[in-house]
Amino acid sequence: ISAPSISMVTRIVRRDSAGRITSVNDAFCTLAGKGRPSLIGQPLGLTVREQGEVTVLADGTRVHDQKIDGDSGARWIAWREVAVRTDDGNEVQAVGRDVTTRVEAERALHAARDQAEAANRAKSRFLAMVSHEIRTPLNGILGMADLLLDTPLSPEQVTYAKATKTSGETLLSLIEEILDFSKIEAGKLDVEARPFAIAALVEEAVELLAPRAQAKGIEIASFVDERLPARLVGDAPRLRQVLLNLAGNAIKFTEKGGVAVIVEPGE
């Protein structure tokens, strides 16, 4: 037969109206680190390191937690104190349960929650700062691309300048999407429903990915079925983001041949 663990043992102590101990059980003696003869008639005498909030129940029972130093180390004890009537008058009987495991788990959970909240606040500050620092030069690039397009250019140079502007606008849109993370976490992200040109969206995405495909020595092309309407209604920035992710992965995992982005009406 195994002995009960420390956490399973109930500590019992009674005190008279003057606070002197009148009776204790063996488990309380172990907690106090003293024998019964040296405890009887003395004040409670426990070394309390932390005192929890005291709650008084409707029947007059006092409930509170204490962190107490003992021979086996500091332990959290949950006390329930009730008044009892004896031949010698009224006494207070305290029954204590070891709740060290519960308290430590709760504190670890609170600490983890606090750390997560601090990390989330730091993430918010970081993204806000980074988005501002990125958007400032990016807007400069877009402005210079506009100015460049207003100058005499060859057809090839116009294509490159427009691709630069489109890439910048797409990057700016992606930055705005990143900043929506707070809305995503709060479940408040709204999907927009605006008209957009599907062919232009696909072509822009393919143009953005073309340098990556060319670097691998593969082709990338797009095809938009003529049966589709020229303009659709939806959230173009998020659709572009999904398309860039899918086509980007296709380029990443394609070693030979090429990648085709085909847009056709469904069944």
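I began with Tyr160, which I found in helix H4, residues 155–179, where helices (H or I, at least four residues) and strands (E, at least two) are DSSP runs, numbered from the N terminus. I was working on a predicted model, in which local features need pLDDT of at least 70 and side-chain atom pairs count only at pLDDT 80 or more, while totals for chains, interfaces and linings use all residues. I noted that residues are numbered from 1 along each chain as its sequence is written, and that side-chain values use heavy atoms, with hydrogens and water left out.

Is Tyr160 buried or exposed? I read its relative accessibility as 52%, so Tyr160 counts as exposed (buried means under 20% relative accessible area, exposed over 50%, partly exposed in between, with a 1.4 Å probe and protein chains only). From Tyr160 to Ala145, 15 residues apart in sequence, I found 9.8 Å between the C-alpha atoms. Ser167 is also in helix H4, and with a relative accessible area of 30% Ser167 is partly exposed. I then looked from Ser167 to Ala205, which is 38 residues apart from it in sequence, and found their C-alpha atoms 8.7 Å apart.

**Entry on strand S6.** I turned to Val82, which belongs to strand S6, residues 75–86, and which counts as partly exposed at 31% relative accessibility. Leaving aside neighbours within four places in sequence, I listed Thr61, Glu91, Val92 and Gln93 as the residues in contact with Val82, where contact means heavy atoms within 4.5 Å. Val82 and Gln93 are eleven residues apart in sequence, and 5.5 Å separates their C-alpha atoms.

**Entry on H6 and H7.** I reminded myself that two packed helices are described by the angle between their axes and the distance between the axes. How do H6 (residues 198–216) and H7 (residues 236–252) pack? I found an angle of about 30° between them, with their axes 10 Å apart, the axes being lines fitted to C-alpha atoms, for helices over the stretch in contact, and angles running from 0 to 180 degrees between N-to-C directions. That makes H6 roughly parallel to H7 (angles under 35 degrees count as roughly parallel). Among the residues of H6 that meet H7 I noted Leu201, Val202, Leu208 and Arg212, and on the H7 side the list includes Leu239, Leu243, Ala247 and Ile251. The residues of this contact divide into 13 nonpolar, one polar and five charged.

**Entry on the cores.** Which residues touch the most other members of the largest nonpolar core? Of its 20 residues, I wrote down Val202, Leu209, Ile220, Leu243, Ile251 and Val261; such a core is a set of buried Ala, Val, Leu, Ile, Met, Phe, Trp, Tyr and Cys residues joined through side-chain atoms within 4.5 Å. H6, H7 and strand S11 (258–263) are the elements that give two or more residues to this core, and the largest share, eight residues, comes from H6. Apart from this core lies another, of twelve residues, among them Ile21, Leu31, Ile77 and Trp79.

**Entry on Val206.** I ended with Val206 in helix H6, which is buried, with a relative accessible area of 10%. Not counting residues up to four places away in sequence, Val206 touches Ile220, Ser222 and Val261. I also checked Val206 against Gly60, 146 residues apart along the chain, and found 75 Å between their C-alpha atoms.

Notes:
Angles under 35 degrees count as roughly parallel, over 145 as roughly antiparallel, 65 to 115 as roughly perpendicular and the rest as oblique. Ala, Val, Leu, Ile, Met, Phe, Trp, Tyr, Cys and Pro count as nonpolar, Asp, Glu, Lys and Arg as charged, and the others, Gly among them, as polar.
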